[in-house]
Amino acid sequence: MATLRVLLVGNGGREHALAWKLSQSPIVESIIVIPGNGGTASIGTKVSNNSTIKADDYPGLVQFAKDNNLNFVVPGPEAPLVDGIKDYFSEAGIKCYGPSLLAARMEGSKTFSKDFMKRHNIPTAAYENFSSYEQAKKYLESINHNVVLKASGLAAGKGVIIPTNKEEALDALKKIMLDKDFDSAGDEIVIEEFLEGDELSILSFSDGFSIRSLPPAQDHKRIFDGDEGPNTGGMGCYAPTRLATPALITEIEKTVLQPTIDGMRKEKFPFVGTLFTGLMITKDGPKCLEYNVRFGDPETQTLLPLMSADTDLAEVMLACTSGYLDSQDVIFKVDDRFSATVVVAAGGYPDAYEKGTPMKVDAAAAGTNIFHAGTIIKDGQLQTSGGRVIAAQSSAETLQEAVNRAYVGVGCIKFDNMFYRKDIAHRAFKAPAATKEALTYASAGVSIDAGNQFVERIKKAIASTAQLGAPAIIGGFGGEVDLSAGVWKDGPVLVGAIDGVGTKLMIALTMKKHDTVGQDLVGMNVNDLLCAGATPSFFLDYIGCSKLNLENSAAFVEGVAQGCRLAECALIGGETAEMPGLYQSEDYDAAGAAVGFRSQTQGLPKINDMAEGDVLLGLASDGVHSNGFSLVRKIVERSSVSYFDPAPWDQSTSVGLSLLKPTRIYVKSVLKVHNQGLILGLSHITGGGLTENVPRMLPSHLAAEIDIASWQHPPVFRWLKKEGNVESAEMARAFNNGVGMVAVVKDVNVRQAIVDLESLGERVYVIGKLVPRAKPEEGCVLKNLSSWD
């Protein structure tokens, strides 16, 4: 076999890894890297850098290859491939490992690649393409499911934005298409449905007919631990992934990879080179996210060290360019080991960062590689020259050992303001959801069914206490006393509610923060008064403890006072009981009662006025509020986070402080709309969730049909569901899931109700309608529960 004299184009970590692996081939005589980096300059005598020609001067590169008798070209990054570098060298009769200009469109245009997937029935997310900002904006405003926004052109691996709500989506659209954050790459945009699942990448060698794939890898795109923060070019990687079962790989090859190669050939732009396929493993199977037409970064640094000692990368590349990859003479084997890579970035990346910072890199232990990316040697000194600066990679018999060794390798790297993630491969170390016990409210010690049975048991005893104007009926949101039934002929109806905060108090004790649970106590009660159509008038509180803690109790009552101010009711008294032996240490419990009033005509629910087709409006919650915390605490205890760690769903605060966010008080906004006669019924979504609470305001012949996909499931609930492996139906029965209050309004009043509520700061969703009740026990029918899966 003739020897190869290689021209390698690029200057990143991927190119360092390629030069490192190619230099081990006995058929490679020399490698010139244009422009290269500080790492490629130090590999050995076979490899040298050359910066006299620009990497995008393709005619100049061709002439350079001819002048230096180079006979094999390996472009590293996507830009030269999308520009058609392969065609330049093919015309000159020099072999080039990579796709043609036409084939490179699979990465150069996401709209092209998505349409290709559709033509060839390759499973992918539903999508729409737009070249008009106004049309894209109109489309975003018309949908209610989560989306992913992708700049269609090349954006250095950063042109994908995953917004968490519609406001973020619209802002991202503006940044891409109007502000040109990704330059001309954002002239056209792909908006596709957000897929839930585990993401992985596969790098496949192809000669246009057959494929040979490296093990599936999982990249870490986000800048911060816990997969938070903005997207980057990649902060780390590991392989193989825990998802990479032989059956799954076979399915991916059959449904995605081979159909892609076959489809490109059938459309007369066969693919030769390395195809990088991004996939999401959903509950419905693998779906293709995107194609890249080159080696990934940092996947290349992770995967090439797994190729066996007798697998020659140069021979594999030559087989691809010559059309005989499936030959039995081509050795392609992968070691049965694990590999992990940790990328070290410059402080500030992916935003503004400094260049030219002096670096020192000590020798790494055997089995660990240091791959340079944004580095340069200037005046004999290694310096930073990019955002992703350098990476440590290691291989081992176990993934944990490979990760540990990679982090030891990071310790060999030293420069000011260096930054790296501390949790590479964290997803692999968590048990798959399917192997976790599926937690329920009952398994956390709280039985909704037992509570319902208790109410039924005591109804008769309570009814026996009825007095004139006070029917003593329980099961609603509050109890009523009609003063006009007695001596006060034209008197109002008094409405009372009583409730507690529950085990959320235990988190308050852990975090030493007690004001927000005081506000919770008020919110739980006054929101119940609203459901009877009442205006809160006054509030009373009760605290039971072992020994009075002045600071804790004062903070709690100050929170109660804040809640009363928000509800515009008076805190007229309370009780604090010290009971040593009944409570331990600083433990305490709290309860409260609110009393309000309404006129004879303001009562809710107006069940006689409700009819099929009436609309259900959902008012957004401010978080978990005050129910479901026995289950919340069990999920947190079983997870890998503490209450003091950054919240996985909100890096700006801790787990504990985020969970302590108080119950939203809806009094001012809801009363305004109710006083206009627009509301037929209200349901406060507390313990029992949507499933148990909504039917409490309905007549026996009607049911609530609620479309779960009509609002975005807030991140905190997504985390609780995933971490606790909680079934969607159980989520709907345990938590508010982003909707703290549900209102019934006539269809003709929907617009006015929404305008008035939003003008007072509420976020309002149209979540469903009233339908005939099929069975007595089916008072709430939830559609699209699978959207939470």
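The structure is a predicted model, in which local features need pLDDT of at least 70 and side-chain atom pairs count only at pLDDT 80 or more, while totals for chains, interfaces and linings use all residues. Residues are numbered from 1 along each chain as its sequence is written, and side-chain values use heavy atoms, with hydrogens and water left out.

- Strands of a sheet pair through backbone hydrogen bonds, in either a parallel or an antiparallel way.
- Strand β7 (residues 147–151) pairs with β8 in the antiparallel sense over 2 bridges, and Leu149 has Ile161 in β8 as its bridge partner.

**Salt bridges**

- Side chains of opposite charge can pair when their charged atoms come close.
- The whole structure holds 32 salt bridges, a salt bridge being a side-chain nitrogen of Lys or Arg within 4 Å of a carboxyl oxygen of Asp or Glu.
- One of them joins the side chains of Arg337 and Glu397 at 2.7 Å, N to O; Arg337 lies in the loop between α11 (313–322) and β18 (338–346) and Glu397 in the loop between β23 (388–396) and α12 (399–410), so the pair ties together parts that are 60 residues apart in sequence.
- Arg337 is partly exposed, with a relative accessible area of 27%, where buried means under 20%, exposed over 50% and partly exposed in between (1.4 Å probe, protein chains only).
- Another salt bridge brings Asp520 and Lys504 together, with their closest N and O atoms 2.8 Å apart; this pair links distant parts of the chain, since Asp520 is in helix α15 (residues 515–530) and Lys504 in helix α14 (residues 504–511), 16 residues apart.
- Asp520 counts as buried at 0% relative accessibility, and Lys504 also counts as buried at 0%.
- In the salt bridge of Lys513 with Asp515, the closest N and O atoms are 3.2 Å apart; Lys513 is partly exposed at 29%, and Asp515 is partly exposed at 31%.
- Salt bridges that share partners also join Asp227, Arg421, Asp423 and Arg427 into one network.

**Nonpolar cores**

- The largest nonpolar core has 95 residues, of which Leu659, Val694 and Ile706 touch the most other members; such a core is a set of buried Ala, Val, Leu, Ile, Met, Phe, Trp, Tyr and Cys residues joined through side-chain atoms within 4.5 Å.
- Apart from it lies another core, of 42 residues, which includes Val62, Val73, Cys96 and Met264.

- Asp207 is found in the loop between β10 (198–206) and β11 (211–213).
- Although Asp207 is buried, it has no salt bridge, and the nearest side chain of opposite charge, Arg265, is 7.2 Å away; in this count Lys and Arg are positive and Asp and Glu negative, while His and the chain ends are not counted.
- The side chain of Asp207 reaches the backbone nitrogen of Ser210 at 2.9 Å and the backbone nitrogen of Leu325 at 3.1 Å.

Key: Pairing = 2+ DSSP bridges. Helix = DSSP H or I, 4+ residues; strand = E, 2+ residues; numbered from the N terminus. Polar contact = N/O pair within 3.5 Å; in protein donor to acceptor, adjacent residues only side chain to side chain.
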